[in-house]
Amino acid sequence: MLTNLLTITWRNLVRNKFHTFINIAGLAIGVSACIVIFLIVQFELSFNKGFQRYESIYRVHSSFSGVFSGINRGVPTAVADAIKEQFTGVESVAPFFVLSSNVAIPSENELKDMERQADVVVTDPAFFNVFAEYEWIVGSPQALEKPFQTVLTESKAKTYFGVSDASVIGREVIYRDSLSTTVAGIVKDLTFNTDIEFRDFISYSTLEKSWLKNNLPLNDWSNVNSSSQLFIKLQNETGIEKIEGQVPLLEKLYKENSDWDVENSFTLQPLADLHYNSNTGIFDNSSRSPAHLPTLSALIVVAIMLLVIGSINFINLETAQSIRRAKEVGGTKSFG
């Protein structure tokens, strides 16, 4: 019986080639477009969700008003110490500076110049407390406690040295022609979609011991540079309202210590918002632009409409064909 039904079905498909093409193509296009849009939206909405307690991670950024107004995704360098010393409910404070730098790798016989690297940051061990998903192959976060130390991701170590094992430890990496550092650790690359895509981590204490202090002054309230980033992670059970209630303290310190004639209010931006906020952007030298949430929402509506239209079209065409096949169905019923 099953063989007979399959034979009849095949004959009907062959006999009505145009109808079959329209019916199958319409439904296939609707389903395919829906799947493609779903994958795009799923990809964009997955960013930064792989971090533990990502809901507790926030970026502090500046909003100016007065002589001029605008948003700067950076903060004065003194904000980090102020939060550490005077805020409650904060588990970790991770200041860092985003760099774009040419890199040179010395070897026994030559100095190998690499192309410009846009994924370099100057940071301290707290970075790996806030973003705790980095797995250490060699070393530990304490590798960044000493000046002129560098931690590399596995992929970056292979780019620089061809390997990513313990033999890399102690090798020299030179940034911006004269900043000589020593590799002190290697971490695995993050395996999920994220905007935290840094692969070179220079120790924060290097700032005070090198010429970088001229470009990136520490404990300063007046200089607001977009490369000066600050992330915090809240303690368990600490609500964002408690931290926001302490933000006016930062604004008070800014007024007392800054020589700018500009008002600066500090805002806590959730990590979950980082990938979608076009006002703040992501980071200097980021490889991607923020996604547009209204567009993603519109795409979801379009996907649903395409699937519904394709289904309705399929049902209507099949219903129209049912009248032509009434005689065949009657004969089939008669013969059992």
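Which residues are linked in a network of salt bridges? In this predicted model, whose local features need pLDDT of at least 70 and whose side-chain atom pairs count only at pLDDT 80 or more, totals for chains, interfaces and linings use all residues. Residues are numbered from 1 along each chain as its sequence is written, and side-chain values use heavy atoms, with hydrogens and water left out.

The network consists of Asp119, Lys156, Asp189, Arg199 and Asp200, a salt bridge being a side-chain nitrogen of Lys or Arg within 4 Å of a carboxyl oxygen of Asp or Glu. Within this group, the side chains of Asp200 and Lys156 meet at 2.5 Å, N to O. This pair links distant parts of the chain, with Asp200 in strand 9 (residues 200-203) and Lys156 in helix 5 (residues 154-161), 44 residues apart. Helices (H or I, at least four residues) and strands (E, at least two) are DSSP runs, numbered from the N terminus. Asp200 is buried at 0% relative accessibility, and Lys156 is likewise buried at 4%; buried denotes under 20% relative accessible area, exposed over 50%, and partly exposed the range in between (1.4 Å probe, protein chains only).

The count of salt bridges comes to 11. One of them joins Asp284 to Arg73 at 2.8 Å, N to O. Asp284 lies in the loop between strand 11 (262-270) and helix 10, whereas Arg73 lies in the loop between strand 2 (70-72) and helix 3 (78-86), 211 residues away. The relative accessible area of Asp284 is 17%, so this residue counts as buried. A further salt bridge, between Lys252 and Glu256 (2.6 Å, N to O), falls inside helix 9 (residues 247-257), where the two residues are four apart, about one turn of the helix. Both are partly exposed, Lys252 at 47% relative accessibility and Glu256 at 49%.

On the surface, Val31, Ile35, Phe38, Leu39 and Leu307 form a nonpolar patch with about 430 Å² of accessible area together. Patches are made of residues with over 30% relative accessible area and no salt bridge, like charges being joined within 9 Å and nonpolar side chains (Val, Leu, Ile, Met, Phe, Trp, Tyr) within 5 Å. Helix 2 (residues 17-45) contributes the largest share, four residues. Leu307 belongs to helix 10 (residues 293-324) and is partly exposed at 34% relative accessibility.

Overall, the protein contains 11 helices and 11 strands, and 44% of its 336 residues count as buried. The accessible surface comes to about 17500 Å², of which 56% belongs to carbon and sulfur atoms, as computed by the Shrake-Rupley method with a 1.4 Å probe, only the protein chains shown counting as cover for residues.
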